[in-house]
Amino acid sequence: MPVPAERRRAVEDETMTVDATARGGPDRESGFGRFFLPGPTEVRPAVLAAQKRALIGHRGEPINALMREIQPGLREVFGTARPVLVSTSSATGLMEAAVRNGAIERVLSLVNGAFSERFARIARACGFDVDVLEVPWGGVHDPDAVRTRLRAKRYDAVTMVHSETSTGALNPIAELAATVREFPDTLVLVDAVTSAGGAPVRTDDRGLDFVLAGSQKAMALPPGLAFGVASERMLERSARAACKGVYFDLVAFHDSLAKEQTPNTPAVTLMYSLAEQVRHISAEGLEKRWARHAAMARGCAEWANAMREDAGPELSVLAPEGFRSPTVTCLLLPPGRTGPEVVQAMKERGFVIGAGYGGLKARSVRIGHMGDHTLEELDRVLEALEEVLRASPGEGFAGGRR
């Protein structure tokens with residue numbers, strides 16, 4: 001049961017009036033639109049092809065020109081007037097950079113899923129004293145509860161995840177950041193891995209001290225790059241950090257950015273792809289891109305509701321209404337169905353989605369509707385998923401279509 005056609009048309013008329021180039025029309029190949037993992041996401045052929053350009057040295061005018069080309073688009077995505085760091089690493093590298101540069105002794109980690117838990121684990125592995133404020137997976141954090149913890153003990157930094165990829169929950173990042181900033185010596189460290197490029201981050205307006213993301217999620221790039229924005233408070237803390245290491249020294253990143261370079265050898269070919277993609281995002285328009293992602297998230301939820309109302313399988317969206325990520329939806333499966341089994345059945349129909357993560361693996365699936373995917377492509381995924389869920393487990397292609 002796909003998203004109702006009249007609802008889809010209404011959403012498209014309201015939020016998706018973009019030309020064929022911005023939608024990726026000329027780049028669409030027959031295989032595009034079938035890979036809906038919650039990261040890495042599908043990458044347009046034009047973005048992949050951009051990597052074929054000749055290599056350049058990473059010191060001198062050619063790299064300077066490339067850095068100048070990508071900065072405006074990156075600043076727009078992160079909602080900042082500050083320089084955006086480009087790191088040849090995964091986002092996990094910048095999670096480590098966040099705590100090594102931003103913490104002194106003690107960190108409070110807000111945990112509501114696997115990746116916010118990873119943030120806490122990284123801080124602990126870097127030698128910091130870490131306390132955890134945890135809510136059930138799928139839930140989001142209450143600013144009042146955070147305020148209570150910050151009043152009870154002094155913390156150097158608070159780590160949090162904006163869009164929790166393991167559950168599809170979207171934390172109220174503006175309210176949480178405002179609460180943390182009531183405590184002047186406590187920095188706000190944010191994982192925006194599956195929100196940057198698919199949802200408003202607004203780094204400057206929200207007073208976020210360090211925001212990080214990876215290339216392979218809503219930015220719809222190949223894996224291998226990470227992006228970060230550091231506030232003045234973060235850089236002042238970094239300048240005093242005793243054990244921040246060398247590779248992820250944020251002061252060194254900013255010193256290099258002032259010269260339109262990176263402190264270490266960058267992945268130049270991936271940066272070519274980045275330049276192509278920021279042009280594409282600009283052509284679509286960032287607000288239209290956010291609206292398209294939000295429409296896909298609503299489409300998933302409406303489809304799940306319609307399935308239940310039509311006496312279909314008992315599906316539900318894990319994250320509560322009002323706090324759902326626009327880039328990934330975690331669906332709790334009906335009894336008798338498992339995440340790995342459903343994922344395999346979808347693969348047999350030519351679609352890739354994700355099983356649940358961690359303790360949710362057996363009883364959920366995740367659909368990553370991010371990057372350059374469209375409502376029409378999501379419809380096809382949901383049609384195939386309906387076939388799978390209405391069939392008996394192990395039925396394979398019976399009644400299905402490729």
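Trainee: At what angle do helix H6 (residues 143–152) and helix H7 (residues 173–180) pack, and how far apart are their axes?

Mentor: In this predicted model, H6 and H7 pack at about 20°, and their axes are 9 Å apart.

Trainee: Why is H6 called roughly parallel to H7?

Mentor: Angles under 35 degrees count as roughly parallel. The angle here is about 20°, so H6 is roughly parallel to H7. The crossing of this pair is right-handed.

Trainee: Which residues make that contact?

Mentor: H6 brings Pro143, Val146, Arg147 and Leu150, while H7 brings Glu175, Leu176, Thr179 and Val180. By class, that is five nonpolar, one polar and two charged residues.

Trainee: What makes H12 and H14 roughly parallel?

Mentor: Helix H12 (residues 286–309) and helix H14 (residues 375–390) pack at about 25°, with axes 11 Å apart. With the cut-off at under 35 degrees, H12 and H14 are therefore roughly parallel. Their crossing is right-handed.

Trainee: Which residues of H12 meet H14?

Mentor: Ala295, Met296, Gly299, Cys300, Trp303 and Met307 do, and their partners in H14 include Leu378, Leu382 and Glu386. The contact of H12 with H14 has ten nonpolar, one polar and two charged residues.

Trainee: Which element gives the most to the lining of the largest pocket?

Mentor: H12 again, with seven residues. The largest pocket holds about 280 Å³ of space. Its lining has 16 residues, and those closest to the centre are Ala294, Ala297, Arg298, Gly322 and Arg324.

Trainee: How does that lining divide by class?

Mentor: Into nine nonpolar, three polar and four charged residues.

Conventions: Residues numbered from 1 in each chain as written. Predicted model: local features only at pLDDT ≥ 70, side-chain atom pairs only at ≥ 80, totals over all residues. Heavy atoms only, no water. Axes fitted to C-alpha atoms, helices over the stretch in contact; angles between N-to-C directions. Helix = DSSP H or I, 4+ residues; strand = E, 2+ residues; numbered from the N terminus. Parallel < 35°, antiparallel > 145°, perpendicular 65-115°, else oblique. Left-handed = near helix turned anticlockwise from the far one by under 90°. Contact = heavy atoms within 4.5 Å. Nonpolar A, V, L, I, M, F, W, Y, C, P; charged D, E, K, R; others polar. 1 Å grid on protein atoms, 1.4 Å probe; cavity = no way out; pocket = protein on both sides within 12 Å on 5 of 7 lines; lining within 4 Å. Points joined across faces, edges and corners; volume = space filled by probe spheres on them.
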